[in-house]
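Open the structure in your viewer and keep the selection tool at hand. Each stop below tells you what to pick.

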Amino acid sequence: MSRRKIRNTAEETLTPPDSLSPGQTIARVIKAQGKDLYSVKTPDATELLVELEAKFRGTIFVKRGGYVLIDTSATDRDNKIQGEIVNIVGDEKTWRKQPYWPAQFAPKPRRVDSDEEESLVGKMPPSDSEEDDE
């Protein structure tokens with residue numbers, strides 16, 4: 001596969017579509033099942049087995065916990081595969097700004113505890129002389 005084709009495929013994942021067709025939805029990748037098959041979780045917490053579209057095979061890495069755009073409208077298969085990954089969320093910030101991004105996949109706010117004790121990671125234990133002074 002040429003570098004140009006790989007680059008074009010990767011750039012395609014950076015820009016989200018303007019709208020989704022009726023059978024498409026955003027899903028979170030749970031686990032790779034092998035042979036370009038992935039378990040994904042939809043916003044309504046349904047788990048599906050989906051196949052990676054041929055143009056992404058061998059060019060784009062699909063990571064666990066990442067987001068993908070799946071199409072479940074082609075259900076005329078005689079096997080367990082319930083959909084196809086038609087795009088991979090490359091630039092998550094840009095995709096999150098789209099009106100069709102599911103509220104269930106909103107980023108969790110980071111907790112900041114100001115009265116949390118100072119971390120002892122990477123610090124030396126108190127010496128014997130410091131313990132005697134107390």
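Predicted model: local features only at pLDDT ≥ 70, side-chain atom pairs only at ≥ 80, totals over all residues.

Residues are numbered from 1 along each chain as its sequence is written, and side-chain values use heavy atoms, with hydrogens and water left out.

**Stop 1: the core**

Select Val40, Val68, Ile70, Ile85 and Ile88. Of the 14 residues in the largest nonpolar core, these touch the most other members. A nonpolar core joins buried Ala, Val, Leu, Ile, Met, Phe, Trp, Tyr and Cys residues through side-chain atoms within 4.5 Å. Buried means under 20% relative accessible area, exposed over 50%, and partly exposed in between (1.4 Å probe, protein chains only).

Now colour the strands β1 to β5. β1, β2, β3, β4 and β5 (83–88) each give this core at least two residues. Strands are DSSP runs of E, at least two residues; helices are runs of H or I, at least four, and both are numbered from the N terminus. The largest share, 3 residues, comes from β3.

Next, a second, separate core: its 9 residues include Leu69, Val89, Trp95 and Phe105.

**Stop 2: the pocket**

Select Phe61, Lys63, Ile88, Val89 and Gly90. Among the 13 residues lining the largest pocket, these lie nearest its centre. A pocket is an open set of points on a 1 Å grid over the protein atoms alone, where a 1.4 Å probe fits, with protein on both sides within 12 Å along at least five of seven lines; lining residues have an atom within 4 Å of a point. The volume is about 200 Å³, counted as the space filled by probe spheres set on the points, which are joined across faces, edges and corners.

**Stop 3: the salt bridges**

A salt bridge puts a side-chain nitrogen of Lys or Arg within 4 Å of a carboxyl oxygen of Asp or Glu. The count is 4.

Pick Asp36 and Arg57. Their closest N and O atoms are 3.5 Å apart. Asp36 sits in the loop between β1 (24–34) and β2 (37–41), and Arg57 in the loop between β3 (47–52) and β4 (67–71), so the pair ties together parts 21 residues apart in sequence.

Finish at Glu92 and Arg96, with closest N and O atoms 2.6 Å apart. They are 4 residues apart in helix α2 (residues 92–96), about one helical turn.
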